[in-house]
Amino acid sequence: MVMSRDQNAGLIQSVRIDNSTLERVEGFKYLGTTLTNQNSIAEEIKRRLRSGNACYHSVQNLLSSRLLSENLKIKIYRTIILPVVLYGCETWSLTLREERKLKVFENMVLRRIFGPRRDEVTG
């Protein structure tokens, strides 16, 4: 795979080494992370958010239980859901739009954990 911001980079469809031919691809999955030839992580973040949402739904009964404390629910969120969403995030260079999507997901989960809150000043 040729990675470049230039659309015309690497127009050769395949690379030949000795008697082996390697085809050119637009993207591939490496160590659980999808790499694309445009260095875009938008699709990877969408996939991570879908996985995090599925993970949330698998523990939804625990997070909505009144028997568990809020501190324990936060620990469940940080140890089960958050690593699924943020795996490999050290290599991401986020745009504001992608950062906002991650914040929206986090706020959604936290609202479901804490439930509706009333401000004591404004009601």
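The model is predicted. The chain has four helices and four strands. Along the sequence their order is β-β-β-β-α-α-α-α. The chain has 123 residues, and 24% of them count as buried. Among contacts with a separation of 6 or more, 56% join residues 24 or more positions apart.

**Helix packing: H3 and H4**

- The axes of H3 and H4 come within 11 Å of each other and cross at roughly 150°.
- The angle is over 145 degrees, so H3 is roughly antiparallel to H4.
- The crossing of these two helices, H3 and H4, is right-handed.
- From H3, the residues that meet H4 are Glu-70, Lys-73, Ile-74, Tyr-77, Ile-81 and Val-85.
- On the H4 side they meet Leu-102, Phe-105, Glu-106, Val-109, Leu-110, Ile-113 and Phe-114.

**Helix packing: H1 and H4**

- H1 and H4 have axes that come within 10 Å and cross at roughly 5°.
- That angle is under 35 degrees, so H1 runs roughly parallel to H4.
- H1 contributes Ala-42, Ile-45, Lys-46, Leu-49, Gly-52, Asn-53, Tyr-56 and His-57 to the contact.
- H4 contributes Glu-98, Lys-101, Leu-102, Phe-105, Met-108, Val-109 and Arg-112.

**The nonpolar core**

- In soluble globular proteins, nonpolar side chains tend to be buried together.
- Here the largest nonpolar core has 18 residues.
- Leu-63, Ile-81, Phe-105 and Val-109 have the most contacts inside this core.
- H1, helix H3 (70-86) and helix H4 (96-114) are the elements that each give two or more residues to the core.
- Leaving out residues up to four places away in sequence, Phe-105 touches Leu-49, Gly-52, Asn-53, Ile-81 and Val-85.

**Arg-48, a buried arginine**

- Arg-48 lies in helix H1, which spans residues 42-58.
- Arg-48 counts as buried because its relative accessibility is 8%, under the 20% limit.
- The Arg-48 side chain reaches the backbone oxygen of Val-84 at 3.3 Å.
- Beyond neighbours within four places in sequence, Arg-48 is in contact with Gly-32, Thr-33, Val-84, Val-85, Tyr-87 and Trp-92.

**Glu-44, also in H1**

- Glu-44 has its place in helix H1.
- Glu-44 is buried, with a relative accessible area of 1%.
- The side chains of Glu-44 and Arg-47 are joined by a polar contact of 3.0 Å.
- Not counting residues up to four places away in sequence, Glu-44 touches Gly-32, Thr-33, Thr-34 and Trp-92.
- Gly-32, Thr-33 and Trp-92 are also among the contacts of Arg-48.

**Gly-32, in a loop between strands**

- Gly-32 sits in the loop between strand S3 (27-30) and strand S4 (33-36).
- Gly-32 counts as partly exposed, at 30% relative accessibility.
- Gly-32 touches Glu-44, Arg-47 and Arg-48, with residues up to four places away in sequence left out.
- Gly-32 and Tyr-87 are 55 residues apart in sequence. Their C-alpha atoms are 8.6 Å apart in space.
- Tyr-87 is also one of the contacts of Arg-48.

Note on methods: Residues are numbered from 1 along each chain as its sequence is written. This is a predicted model: local features need pLDDT of at least 70, side-chain atom pairs count only at pLDDT 80 or more; totals for chains, interfaces and linings use all residues. Side-chain values use heavy atoms; hydrogens and water are left out. Buried means under 20% relative accessible area, exposed over 50%, partly exposed in between (1.4 Å probe, protein chains only). A polar contact is a pair of N or O atoms within 3.5 Å; within protein, one must be able to donate a hydrogen and the other to accept it, and residues adjacent in sequence count only if both atoms are side-chain atoms. Contact means heavy atoms within 4.5 Å. A nonpolar core is a set of buried Ala, Val, Leu, Ile, Met, Phe, Trp, Tyr and Cys residues joined through side-chain atoms within 4.5 Å. Axes are lines fitted to C-alpha atoms, for helices over the stretch in contact, and angles run from 0 to 180 degrees between N-to-C directions. Angles under 35 degrees count as roughly parallel, over 145 as roughly antiparallel, 65 to 115 as roughly perpendicular and the rest as oblique. A crossing is left-handed if the near helix is turned anticlockwise from the far one by less than a right angle, and right-handed if clockwise.
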